[in-house]
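This report walks through a multi-domain protein model.

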Amino acid sequence: METLVSVKRAQELLATHPFKWVTEEVSLSLAQGRILAEDVFAKCDDPAFDNSSIDGWAVKSTDLAKSRIEVGTIFAGTKPIMAPIKPNEIYRIMTGAPIPPGANALVMIEDGIHGLARQEYIRKKGENISIGERALSKGDIITPASCALAATVGYSTLPVRSKLRIAIIPTGDELTQPGLPLEPGKIYESNSVALASLVRKAGAEPIVIKPTLDDKESLHDILDRCAKEVDLILTSGGVSMGEKDFIRSSLIDRGDAIFWKVLMRPGGPPIFGYWNGTPIFGLPGNPVSSQTVFHLLLVPWITHPDIFHRKVIVKMEDPLRGAPNRLCLRRIQITPTDNGLIGRTLTHQGSGNVRSMVLNNALTLIPPGVDIAIGESVEAMWLIV
Ligand code: AMP
Ligand code: MG
């Protein structure tokens, strides 16, 4: 087991433990937001034939404008005319209709029948994409536009990565489910709802388990049962140095721990390994820590980061303290202005203060040992959540 690894090293270690994705075909109407499992190649040219981009007339550019004789009309969806047009013959043509053979330019209806003929109004066969060319790439997030491109080049379904099944297990004797009365010394359990939403956004299926006590027996029991059924177990709490931090001690003693503790703040004590052959990621219990670790380590491992954030450079209007030896994830509020992106810190930065994740919208990536003064720029992950 490696300990006190950098964020980069933790990401590398996770990447060497990829999931066994299965490829499934989904209809285009359900494909949006899924991740493409294979490259997709065009089954036809786009456009499939030379056609008109305007309503107007199809003409031969070498004929004189004043001698044009209209001999018919071509609508979109009609079979292409086979016989070449004769000198001075022109056709009325509608947007999307095939260009008759021999015509090489178009006149806009607004310019009148003797108007200027322009070749660039013809949309040429294959000018957007040709048959056999790659339309979409493996690993792309499927967007509304990429669904449209897939349909354009002949697909009704797309191959996507199967959804991972992810168990979420909150642990802690103090946890009370929201809605129940709060006894003295207890707190409402909040990590599992945030994690379930994040997991769903990552295109995976969350299976939320009710809070487990800090008790080895019940913990092992639930881990044994989950390990048989899911692709990944996510726990929250019980990974630091406390006497009842059994996720950490059990994974090290009975499981197969790969790394523990990452050089980041907040979110220092995560642990990753295997329980009975199933990957298990132990997130810290502090609400901010569990979310920041999810963003930094889980997102690139289980999904496409573009779904979750944009990396940007922000000019700070408040000073930020970094952390010695650790990547520091301060929560900041980014606002776009005429002078670029500016950042403020709106709340105190305690890792238990989940409100700081609501009032702010970004996480800084302050390198170890660096402080940011007012007016200085800092890299940040602008969250799209
Ligand atoms: P732990 O990582 O178990 O030491 O917990 C660290 C802090 O996070 C403690 O203050 C816990 O009460 C709190 N905490 C742990 N799990 C949760 C949870 N599921 N929801 C909200 N707070 C939690
Ligand atoms: Mg605990």
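Asp318 counts as buried, at 13% relative accessibility. Buried here means under 20% relative accessible area, exposed means over 50%, and partly exposed lies in between (1.4 Å probe, protein chains only). The model is predicted: local features need pLDDT of at least 70, side-chain atom pairs count only at pLDDT 80 or more, and totals for chains, interfaces and linings use all residues. Residues are numbered from 1 along each chain as its sequence is written, chains are lettered from A and ligands numbered from 1 in the order in which they are written, and side-chain values use heavy atoms, with hydrogens and water left out.

## Salt bridges

Asp318 forms a salt bridge with Arg344, with 3.1 Å between the closest N and O atoms. The pair links distant parts of the chain, 26 residues apart: Asp318 sits in the loop between strand S21 (309-316) and strand S22 (327-328), and Arg344 in strand S24 (residues 340-344). Arg344 is partly exposed, with a relative accessible area of 34%.

A salt bridge is a side-chain nitrogen of Lys or Arg within 4 Å of a carboxyl oxygen of Asp or Glu. Helices (H or I, at least four residues) and strands (E, at least two) are DSSP runs, numbered from the N terminus. The structure holds 12 salt bridges. Three of them are tabulated here.

| Pair | N to O distance | Relative accessible area |
|---|---|---|
| Glu24 and Arg34 | 2.9 Å | Glu24 32%; Arg34 12% |
| Asp39 and Arg134 | 3.3 Å | Asp39 30%; Arg134 47% |
| Asp318 and Arg344 | 3.1 Å | Asp318 13%; Arg344 34% |

What does the salt bridge between Glu24 and Arg34 tie together? Glu24 lies in strand S2 (residues 23-27) and Arg34 in the loop between helix H2 (28-31) and strand S3 (40-41), so the pair joins parts that are 10 residues apart in sequence. Arg34 is buried, whereas Glu24 is partly exposed.

Asp39 and Arg134 form another salt bridge. Here the partners are 95 residues apart: Asp39 is in the loop between H2 and S3, and Arg134 is in strand S10 (residues 134-136). Asp39 is partly exposed, and Arg134 also counts as partly exposed.

Salt bridges also link Glu2, Lys8, Arg9 and Glu12 in a network.

## Domains 1 and 4

The protein is divided into domain 1 (2-19 + 164-306), domain 2 (24-41 + 134-161), domain 3 (51-123) and domain 4 (309-383). These bounds come from an automatic or database domain assignment. The centres of domain 1 and domain 4, taken over C-alpha atoms, are 25 Å apart. Their contact (heavy atoms within 4.5 Å) takes 18 residues from domain 1 and 21 residues from domain 4.

Together the two domains bury about 1600 Å², 63% of it on carbon and sulfur atoms. Buried area is the accessible area (1.4 Å probe) that two parts lose on being put together, summed over both. In domain 1, Arg265, Val288 and His295 lose the most area to domain 4, together 36% of what that side buries.

On the domain 1 side, strand S18 (264-265) and helix H7 (287-302) are the elements that give two or more residues. H7 gives the most, with seven residues.

## Helix H4

Helix H4 (residues 191-201) has these buried residues: Asn191, Ser192, Ala194, Leu195, Ala196, Leu198 and Val199. Their cover includes strand S12 (165-170), strand S15 (205-208), strand S16 (232-236), strand S20 (278-283) and H7. After H4 comes Gly203, with a positive phi near 85 degrees.

## Backbone details

Two cis peptide bonds deserve a look. One runs from Asp46 to Pro47, with omega near -5 degrees. Pro47 is in the loop between S3 and strand S4 (51-52). Another joins Arg265 and Pro266, with omega about -5 degrees. Pro266 lies in the loop between S18 and strand S19 (271-275).

Asn88 is not a glycine, yet its phi is positive, about 70 degrees. Asn88 is found in the loop between strand S6 (69-74) and strand S7 (89-93). Lys261, also not a glycine, has a positive phi of about 75 degrees. Lys261 is placed in strand S17 (residues 256-262).
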